[in-house]
There are 2 protein chains.
Amino acid sequence: MKINYRTGRQFICLLLVLFSFPLLAKSILTGEDGYRLWLKYDPVKQDQQAEEYRQQFAHWQVSGKSQTAQVIRDELENALTGLLGTSAPVAGTSGASLIVGRLAELPESLRQALKKNLPASEEGYLIKTVSYQGRPVTVITAKTDVGALYGSFRLLRLIQTHQSSRSLNIASGPKLKIRVLDHWDNLNRHIERGYAGESIWDWHKLPVYIYQRYYDYARANASIGINGTVLNNVNADPLILTPQYLDKVRALADIFRPYGIKVYLSVKFSSPQLIGGLKTSDPLNTQVKQWWQDKAREIYQKIPDFGGFLVKANSEGQPGPGDFGRTHAEGANMLADALAPHGGIVMWRAFVYANEKHEERSKQAYSEFKPLDGQFRSNVLLQVKNGPIDFQPREPISPLFGATPKTPLMMEFQITMEYLGFSTHAVYLGPLYKEVLNTDTYARGPGSTVAKVIDGSLFNQSVSGIAGVSDIGSDRNWTGHILLQANWYVFGRLAWDHSQSAADIAGDWIRMTLTNDDQAVATIEKMMMVSREVAVNYMTPLGLHHIMGADHHYGPGPWVDFLPRDDWNPVYYHKADKYGLGFDRSPTGVNAVAQYFSPLREQLSDPKTTPENLLLWFHHLPWDYKIASSGRTLWNELVYRYYQGAADVKVMAKQWQELEDKLDPLQFQQVKMAFDIQQQEAEWWRDACVLYFQQFSGRPIPEGFEKPHHTLAYYEHLSFPYAPGQSGR
Amino acid sequence: MKINYRTGRQFICLLLVLFSFPLLAKSILTGEDGYRLWLKYDPVKQDQQAEEYRQQFAHWQVSGKSQTAQVIRDELENALTGLLGTSAPVAGTSGASLIVGRLAELPESLRQALKKNLPASEEGYLIKTVSYQGRPVTVITAKTDVGALYGSFRLLRLIQTHQSSRSLNIASGPKLKIRVLDHWDNLNRHIERGYAGESIWDWHKLPVYIYQRYYDYARANASIGINGTVLNNVNADPLILTPQYLDKVRALADIFRPYGIKVYLSVKFSSPQLIGGLKTSDPLNTQVKQWWQDKAREIYQKIPDFGGFLVKANSEGQPGPGDFGRTHAEGANMLADALAPHGGIVMWRAFVYANEKHEERSKQAYSEFKPLDGQFRSNVLLQVKNGPIDFQPREPISPLFGATPKTPLMMEFQITMEYLGFSTHAVYLGPLYKEVLNTDTYARGPGSTVAKVIDGSLFNQSVSGIAGVSDIGSDRNWTGHILLQANWYVFGRLAWDHSQSAADIAGDWIRMTLTNDDQAVATIEKMMMVSREVAVNYMTPLGLHHIMGADHHYGPGPWVDFLPRDDWNPVYYHKADKYGLGFDRSPTGVNAVAQYFSPLREQLSDPKTTPENLLLWFHHLPWDYKIASSGRTLWNELVYRYYQGAADVKVMAKQWQELEDKLDPLQFQQVKMAFDIQQQEAEWWRDACVLYFQQFSGRPIPEGFEKPHHTLAYYEHLSFPYAPGQSGR
């Protein structure tokens, strides 16, 4: 058994504990604990602005008798009371200066005035200042109650961020139809790749015991436009489809429905055998088809608006149609046929690779699914991770984007921080998401961005979707780290409208969650916008990837070579040797670049035209290779970036420290402690990786950089058997 | 694979979900979520009383510069501001009407006036109204700062419960020296037998990331006099003793120290082999002794006031001295010798039994440990569960109490609800604890109560202690069910003073936690006081025991006969047959009664003199045996009690419902939902057990009782693979 001994960290920790005691010595530290997320609704402090808002919004009226209309009323009541100190719901439109409701329920004059401005989408909304009965009123209207709910949250955001409320004319509809969170939550409440406590679903106490948190989860999601939730892990337990569990699922669906949120389930492909008593799960078998049709009917009896199934099949040990000699299309279609009569969809994951295939891992999903294009039912979406490997700090886009004109592709982003420091590193994912969405696939010539592929506009597809693997857990602040709430937030905002900027969304989030102090907002926004690149630098600069610790992916593990599959081992990915570093995926190597469209293919084939931040993803380059932007050798650039990354974390931590007076004490303190950890771990990454690669480069760490704190052997012997979020529990 | 299908519950659940929606339809239900426990400090509502308190306590002064003194200041500031709307700490004693501090730090005149009233104990305190500088002041004083902290919480309780504050003269000291919570928390945060979420110790983020909850845990414990915490599961992971984890332990110890709380650890007896690189863990081996001595020194360097070790050895698969042919005394003494130079103690568990021994399980602990009396070092305490089996709803006392005049016995109570409905049944444990403590062992003649055994007074022992297996988890309300907070509370209060009444403590808890409305207090107190007997009736009436579901202990499982050890199976315990029911532990049977002192032994030998509530624990009686108190046959009485228990839950639920207007909406709603579950599960227990035993009795369910909802086969086929709290995760 390895000893978990980290002297250096111990020493730092001793200092931190000693020094941090005075900070925490107050035994009762009150303040914002993070539970309220971005829906805090604290009073608007600028008196003049508050007064203006009060005049415009204090007297409000929401029409409609649906549960959703009631949800809007509750939210406005709560929000306006908090923000403005007063909230006066009125019975009719005559006394209201804020009128909310479906277009069909508005007074005739308003209806006529507004109908031409209403967005086409069922979920879209219009917020408009108009003259009504001789006075100015603000109207929030939509085709549906849920649209009106989205519009209400939009108006509240405007107040929360202290924007002008004069002459409003905001029309907005979602660019993507299916906007879901994927919860990799097991029925025992362990979350695979979860770092914020355990699952918020208390399956044991469901369906009877209902937590307020279920409602607040729905409120938060509705506030950013998320309209679906996959409740359970893609490594699915078949019991989720038993009547006992479906009753629990129904209880959640009933809670989420008024918020416009549909419930989906991950299903195990072999469920007919495991809980159905059948001898096979062959998708072409009549009994199997019947079993799924019966199961779908049973589900829809309980949950009339059930969303559908998410399936991980023939991937990392999960069963699938391949076990019966059938294609992914045959498997997906069988499920799609069972759901179609009820309006459900299948989200079929393209995250498929197999050691036995003797094809390089990054190429396999394309090879498997490209030939199936055109064979899927119309209610099947292929769910594709943003990159061809697995949610790395940086990857090129998956070559599948643009490659299936007849099959709608759903984006799968990771929100939880499996490869990005768990819940203790401050990494804002907005820039990562935008980088992916803005990447040009060239599928239909220049301008064929990934965003246009997934929103259906490139191939004129009518179904579209995006999924984010949730970072939500039972921790009081939901995500284990307040700043990581922003990743949930930005995912939702971009799912609604991928054209928004990551910086603007960060700005909104900061104002709603942390502070409206302009200077503090600017500092934090800047910090957030660089944070991802900082992490790439101290973890996997220049296109390195998948060199994390074995299994748990905690900390550096470039030396790991003992995992049972080649393509689970870091050494498979970095290919360090005496000559150099990197994975030759160019035409001289495994030629993964061939799966991209021209001219992207040609750009990536040549190190000279490959973006520097993906250099070692596509090329195995000599240690003395000259990096164009800096003029440094590859070795020196590598070292430089590792040190720069670690140094930049210190800068971020210092910036945060300087904001102490402007922030809530609890929020400040929580993030400060996380930065203490991030600083230690960034140096751990830096030292371990530099020492490891130095074995191959044989070159010194350039002058001016401090020496690593420990030997390579020290880092190699660290072990973390209880790192959170591990799979298989 | 069994199907988890519970049609009856499904149907009830459907109704509940439908009907409960309106209750929860308000999407933002605010109120008391339970986090603040009994330290809410909401304003005293009676104006006159509040004014009186204000005059007496608003101006206060705490002397001393220690961290504990600072903790007292923080608590008073927070509490008085909340309770009285004002809190005015003053610099010297002249302006203060409330003076708090160690006797040595009080002004000379006060010191002289008070020293004779001070309790002898280092932890004791005195609260006294005296005249000082010509005006009345309240003084809280003690020998130590921690004593002053306890006194401060005592005064706050007085205010919280709206008691008179005139002419105070309260002197109090603990009757037991070691008052600890045992956390059966694993390093992966799973809690064995935990039903309120996962462990509050976030080992991964320790020692750097410190939750406010750690402080609030310490505050809550200090407020009821708990002075120790065993952080990890008795089924211990050896890694807890590695430097990496000891640094995490130190961080917690540093936080808890100012609150008078020492940290203890559960240790694995084979640690020298598992993490020390030794070939043996034989307690007589020189290297092994040296390893533990070195380890103890290492621990005390980090944690100078470390409490000591808790050990589960040679029990349920855990390693122990028996593996090396040594006695429990030899094992315990070796550890005691390692800790003694530093002032640490060993809590050695007597929960030891083995299938191989061919002695009836309830007798084995006595047989093992009685002969060792006198062989233990003076810093060893034997930790004995209250009953001879395992935390059943009702057990007789363990025969070890009183049997070891030379060895101090520590009581081990269970606070977590392993056998009592997890976190959804309202069962107040005060009456159970008191029943045990008040039981007469007759060890030194009449009056030799268990309380006198464990407080050391019976045998004039200088060390004494009590442990409660914690019901605390990461749930927002700490215990998963608000009413179960009372079990943590009553454990602490009785640990301090076992002579207090369970009803009085319940009353205090209700006033501090729920309401000061006299009528509501009376109703809830009554409900709490009967709740344990109600649960005994619907689970294990008349001395039945250990007939819960296999492994997880969720729900009824009297039919279980497939577990690998005889004495893990319910059928071993109830011994139902055509003739009758119950376990003959009288002299005609396994003669377990012989382990008790006379005249208890003789009383329990004869069904006529055995208390009816333990009848089937000690006797196998015919189905037509006449129950003295009721005149019913055993069969009819059994059925009667099961039905009565289930019916009484309905009564409790109704009483709670009627209190809606007097309670906080969130507290009301949470308990209401738990009652919904408890009602279902009480009927499940009733129906399953009555149907099961009916197979043997061959007698009908008497007239007037409703029929069971399902068949016995139905209940036997229910399965709960993800019931919370299971061991081995």
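Select Glu418(A) and Gln414(A) to begin: a polar contact of 2.8 Å joins their side chains. The model on screen is a predicted one.

**Stop 1: around Glu418(A)**

Is Glu418(A) buried or exposed? Its relative accessibility is 3%, so Glu418(A) counts as buried, the cut-off for buried being under 20%.

Now display the residues in contact with Glu418(A). Leaving out neighbours within four places in sequence, they are Trp184(A), Arg193(A), Tyr195(A), Asp390(A) and His553(A).

**Stop 2: the annotated residues**

An unreviewed UniProt entry places the feature "active site" at Glu316(A), Asp390(A) and Glu418(A).

Centre the view on Glu316(A). This residue is in the loop between strand 10 (308-311) and helix 10 (328-339) of chain A. Glu316(A) has a relative accessible area of 32% and is therefore partly exposed, a class that lies between 20% and 50%. Which residues does Glu316(A) touch, not counting those up to four places away in sequence? Select Phe351(A), Tyr353(A) and Trp568(A) to see them.

**Stop 3: Phe153(B)**

Move to chain B and select Phe153(B), which belongs to helix 5 (residues 145-160). With 3% relative accessibility, Phe153(B) counts as buried.

Show what surrounds it. Apart from residues up to four places away in sequence, Phe153(B) touches Leu39(B), Tyr41(B), Glu75(B), Arg219(B), Ala222(B) and Ser223(B).

Phe153(B) and Asp337(B) are 184 residues apart along the chain, and 37 Å separates their C-alpha atoms.

**Stop 4: two helices of chain B**

Select helix 5 and helix 6 (residues 212-224) of chain B. Two packed helices are described by the angle between their axes and by the distance between those axes. Here the angle is about 85° and the axes are 8 Å apart. Helix 5 of chain B is therefore roughly perpendicular to helix 6 of chain B, since angles of 65 to 115 degrees are classed that way.

Which residues make the contact? From helix 5 of chain B, pick Leu149(B), Tyr150(B) and Phe153(B); from helix 6 of chain B, pick Arg219(B), Ala222(B) and Ser223(B). Colour them by class: four are nonpolar, one is polar and one is charged.

Notes
Residues numbered from 1 in each chain as written. Chains lettered and ligands numbered in written order. Predicted model: local features only at pLDDT ≥ 70, side-chain atom pairs only at ≥ 80, totals over all residues. Heavy atoms only, no water. Helix = DSSP H or I, 4+ residues; strand = E, 2+ residues; numbered from the N terminus. Buried < 20%, exposed > 50% of the residue type's maximum accessible area, 1.4 Å probe, protein only. Contact = heavy atoms within 4.5 Å. Axes fitted to C-alpha atoms, helices over the stretch in contact; angles between N-to-C directions. Parallel < 35°, antiparallel > 145°, perpendicular 65-115°, else oblique. Nonpolar A, V, L, I, M, F, W, Y, C, P; charged D, E, K, R; others polar. UniProt positions renumbered as here; feature names shortened; annotations may be inferred. Polar contact = N/O pair within 3.5 Å; in protein donor to acceptor, adjacent residues only side chain to side chain.
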